[in-house]
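Here is a short note to go with the structure. Please read the points with the model open beside you.

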Amino acid sequence: MRLLVPIAMIFLFIGCGKKDSPKSPEQASLVFPERNSECTTGQSLSETTSRVEFLWQPSDHTESYELRVTNLNTGTTQTAFVETPSASVTIAKGVPYSWVVVSKNSGSPNTAISEEWRFYNAGSQTNYAPFPAEIVEPQMAANVFKDINNEVTLSWAGADVDNDISSYEVYFSTETPPETLIASPAAGDMEVKVSVSSNGIYYWQVVTKDEAGNSSDSGIFDFKVF
């Protein structure tokens, strides 16, 4: 009988052991508005605004979502907090937007961020400016290594609802804003090589142009060379 007490205590200790940590939420898959599209299904509220419903697939281990919708012209972000995989937001007509969804779980300190999709909210115009170029690399404030030729590759992605991008203008300099036009690649070319020096800080931006004479600006990015 003396052995029963220690054995019982062992089982009690095991039973009261630490529970498994909650699983981290997983990334949501975006559905609508579709990537690089014109959203024409919004409910018109006025001449300048409409209400758009955003949809995404439910993500595992998720209790709630945070929708972030950013006006690409102003940089202003609207947020919506929901427990279901959809939310309606009032946004301006004829304006480019980006959107992401953050998956959350109150039992976990971790969150998961979806891909970023861009779209135009339909307006009265029949031709839209290109989406601002998405910088691929170097990213903002990145630390990069030059290659054997003392060069770094600048790359980006371009998109246009009308599919009529004609060219890009790449500005690059050691000063901001960069005002030196170093390349004007055609629509299908989305990278250029630039000469750099060690320990230098460089600034660059990409202007996207379309056949209708519209243009958009990526904003200014910087990086440091080792």
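1. **Strand pairing.** How many bridges join strand E13 to E16, and which way do they run? Five bridges join E13 (residues 151–157) to E16, and the two run antiparallel. Strands here are DSSP runs of E, at least two residues long, numbered from the N terminus. Two strands pair if DSSP finds at least two bridges between them. In this pairing, Leu154 stands opposite Val192 in E16.

2. **Basis of the note.** This is a predicted model: local features need pLDDT of at least 70, side-chain atom pairs count only at pLDDT 80 or more, and totals for chains, interfaces and linings use all residues. Residues are numbered from 1 along each chain as its sequence is written, and side-chain values use heavy atoms, with hydrogens and water left out.

3. **The sheet.** E13 belongs to an open sheet of three strands, in the order E11-E13-E16, with antiparallel pairing. Strand E11 (134–137) and strand E16 (191–195) stand at the edges. Each has a single partner strand, so one side of each is left without a neighbour in the sheet. The twist averages 30° from one strand to the next. For such angles, axes are lines fitted to C-alpha atoms (for helices over the stretch in contact), and angles run from 0 to 180 degrees between N-to-C directions.

4. **The largest core.** A nonpolar core is a set of buried Ala, Val, Leu, Ile, Met, Phe, Trp, Tyr and Cys residues joined through side-chain atoms within 4.5 Å. Buried means under 20% relative accessible area, exposed over 50%, and partly exposed in between (1.4 Å probe, protein chains only). The largest core has 21 residues. Leu154, Trp156, Val170, Phe172, Trp204, Val206 and Phe223 touch the most other members. Strand E12 (142–144), E13, E14, E16, E17 and strand E19 (221–225) each supply at least two residues of this core. E14 gives the most, with four residues.

5. Contact means heavy atoms within 4.5 Å.

6. **Aromatic pairs.** Rings of Phe, Tyr and Trp (its six-membered ring) pair if their centres lie within 6.5 Å; planes under 30 degrees apart count as stacked, over 60 as edge-to-face and the rest as tilted. The count comes to 12 aromatic pairs. The rings of Trp56 and Tyr65 have their centres 5.5 Å apart and their planes at 70°, so the pair is edge-to-face. Both Trp56 and Tyr65 are buried. Trp156 and Tyr168 also have ring centres 5.5 Å apart and planes at 70°, so this pair is edge-to-face. Trp156 lies in strand E13 and Tyr168 in strand E14, so the pair ties together parts that are 12 residues apart in sequence. Trp156 is buried at 3% relative accessibility, and Tyr168 is buried at 1%. Elsewhere, ring pairs link Phe54, Tyr97, Trp99, Trp117 and Phe119 into a cluster.

7. **Ser216.** Is Ser216 buried or exposed? Ser216 is buried, with a relative accessible area of 11%. Ser216 lies in strand E18 (residues 215–217). The side chain of Ser216 reaches the backbone oxygen of Phe131 at 3.2 Å. That is a polar contact (a pair of N or O atoms within 3.5 Å; within protein, one must be able to donate a hydrogen and the other to accept it, and residues adjacent in sequence count only if both atoms are side-chain atoms). Not counting residues up to four places away in sequence, Ser216 touches Pro130, Phe131, Pro132, Val206, Val207 and Thr208.

8. **Cis peptide bonds.** The bond from Phe32 to Pro33 is cis, with omega near 5°. Pro33 sits in the loop between strand E1 (29–32) and strand E2 (37–39). The bond from Thr176 to Pro177 is cis, with omega near 0°. Pro177 is in the loop between strand E14 (165–173) and strand E15 (181–183).

9. **Positive phi.** Asn36 is a residue other than glycine with a positive phi, near 55°. Asn36 is placed in the loop between E1 and E2 and counts as partly exposed, at 29% relative accessibility. Asn199 has a positive phi of about 65°, although it is not a glycine. Asn199 is found in the loop between E16 and strand E17 (201–210). Asn199 is exposed, with a relative accessible area of 59%.
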